[in-house]
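This report goes through one structure feature by feature. Please look at the sequence and the model first.

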Amino acid sequence: MTKIVNIKKGLDISIRGAATPSAPMDVTPATCAIIPDDFPGITPKVDVKEGDEVVVGSSLFHDKAFPDIKVGSPVAGTVTAVVRGERRKLERIVITPGSSPSVSLDFEVSNIGDRTRAQQLLLDSGLWSWMRQRPYNIVPRPGVDPRDIFITGFDSSPLAPDYEMLLDGHQKELDAAISLLGKLTDGTIYVGIHEGSCLESLQGVEKVVVNGPHPSGNVGVQICNVKPVNKGETVWTMDALTLLRIGKLATTGKLDMSVTTALTGCEVTAPHYITTVIGADMKSVLKDAVNNDDIHHRIISGNVLTGIPVGEEGYLRFPYNQVTVIAEGDDFAEFMGWASLSPEKMSVNRSFPGHFFKRKFCPDARILGGRRAMIMSGVYEKVMPMDILTEYLIKAIIARDIDRMEQLGIYEVAPEDFALCEYVDPSKLELQKIVQEGLDYLRKELS
């Protein structure tokens, strides 16, 4: 029986620049890069050097603590840079595609009848590092038996790509992926979907119809409303696009590292979809796609709430399926600044006229106000649909009070769950950064 979850708290941010559903344009990147920071919980040890030839799936680096966890090359070509930063931290590995960029390693996918072989296939292919574990929101540890696996079948974030368009017609691959994942847990595989989704026909899963505003598409919100994570329990998560990638591996024995990405935002000339390669350079991705309006642009890999500003010299970052371009806002002045009553100003506060207009807005990247002391206003609870006391949890994290963090539910959260709280926060706190630091601290102290 399908479970129905109705979420009332949250907020759908109305922004112009959604990608038009249409046939994606092919974009061939000049270079691709894999960035270790996109795979939390991994301490990378490099497996390649500059000048090495690689194919799709060749190991670029592995985890020092768990060597079986690998991150593979997204393209066949030549390693042109292994970039390190302060204290020799690995920042990125850059690959220049060759003449046959889609050549992949072959993986044995026949007769995968037990947990050990299913796990080894994902580890060898590098797709293991695409999954996440609650608690801590890190790459799962091999050998751990997860209580359940949660898959989110849609993205509710601003200007998000349409999963239905990307998943429709791939029933065979999706079924193969579910069959493979079913060998990794004795628990239940939950799939969060919208009513009428193409994922309704999946077998071997428990489907959860989720209704409501953002962050209803966040897997953490779905877990909290279906079966919360308690201390001592482990749950694995992923999105449906990762599920499809696993299915393609299970049916063909080869890795498909192409990705369909939505180019979105007010500063994109004609928002649309492109098909490119994971980790593609932004210059190739955005070529002739951004408004030539002589203002500073913020180029975000991801959405405006959780994405990473990368700039023109950056690369497409995990999970690789959206790019948003908006105005930076640092090169023009506005009459009355943050206090302007212009109807063009987007706001969740009833004090501003824009709150009452049902229209699409075009925001910039300014925070509109200075940072200040934490205000206990109850505003977080209006957009947080999880059963946690958000303000008190944030205070416990800042104080590094492990007992209070555990009591207040830190094991079931990830930074993305606090993105809306950060957006409406009158104190301008970097809540996602605070939560990530709290999770890292807790993992370090308890490991």
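β11 (148-152), β12 (189-193) and α4 (219-226) each give at least two residues to the lining of the second largest cavity. Of these elements, β12 has the largest share of that lining, with three residues. Helices (H or I, at least four residues) and strands (E, at least two) are DSSP runs, numbered from the N terminus. The residues that line the second largest cavity are F150, I151, Y190, V191, G192, V208, Q222 and V226. By class, six of them are nonpolar, two are polar and none is charged. Here Ala, Val, Leu, Ile, Met, Phe, Trp, Tyr, Cys and Pro count as nonpolar, Asp, Glu, Lys and Arg as charged, and the others, Gly among them, as polar.

The model is predicted: local features need pLDDT of at least 70 and side-chain atom pairs count only at pLDDT 80 or more, while totals for chains, interfaces and linings use all residues. Residues are numbered from 1 along each chain as its sequence is written, and side-chain values use heavy atoms, with hydrogens and water left out.

**Cavities and a pocket**

On a 1 Å grid over the protein atoms alone, a cavity is a set of points where a 1.4 Å probe fits but cannot get out, and a pocket is an open set with protein on both sides within 12 Å along at least five of seven lines; lining residues have an atom within 4 Å of a point. Grid points are joined across faces, edges and corners, and a volume is the space filled by probe spheres set on the points.

How many cavities of 30 Å³ or more are there by this rule? The count is two.

| Space | Volume | Lining residues by class |
|---|---|---|
| Largest cavity | about 60 Å³ | nine nonpolar, four polar, no charged |
| Second largest cavity | about 30 Å³ | six nonpolar, two polar, no charged |
| Second largest pocket | about 380 Å³ | seven nonpolar, two polar, seven charged |

The lining of the largest cavity consists of 13 residues, and those nearest its centre are I34, V71, G72, W130 and M257.

The second largest pocket has a volume of about 380 Å³. It is lined by 16 residues, and D37, I42, T43, P44 and K89 are the closest to its centre. Strand β4 (residues 44-46) gives the most to this lining, with three residues.

**Salt bridges**

A salt bridge is a side-chain nitrogen of Lys or Arg within 4 Å of a carboxyl oxygen of Asp or Glu. The structure has 18 of them.

One joins E406 to K231, with the closest N and O atoms 3.3 Å apart. This pair links distant parts of the chain: E406 lies in helix α8 (residues 402-407) and K231 in the loop between α4 and β14 (235-239), 175 residues apart. Are the two partners buried or exposed? E406 is buried, because its relative accessible area is 18%, whereas K231 is exposed, at 58%. Buried means under 20% relative accessible area, exposed over 50%, and partly exposed in between (1.4 Å probe, protein chains only).

D256 and K248 meet in another salt bridge, at 3.0 Å from N to O. Both ends are partly exposed: D256 has 25% relative accessibility and K248 has 22%.

**Backbone features**

The peptide bond from H214 to P215 is cis, with omega near 20°. P215 sits in the loop between β13 (206-211) and α4. A cis bond also runs from F318 to P319, with omega near 10°, and P319 belongs to the loop between β18 (308-309) and β19 (322-327).

L159 is not a glycine, yet its phi is positive, at about 60°. L159 lies in the loop between β11 and α2 (163-167) and counts as buried because its relative accessibility is 11%. D288, another residue other than glycine, has a positive phi near 60°. D288 is placed in the loop between α6 (282-285) and β17 (297-301) and is exposed, with a relative accessible area of 73%.
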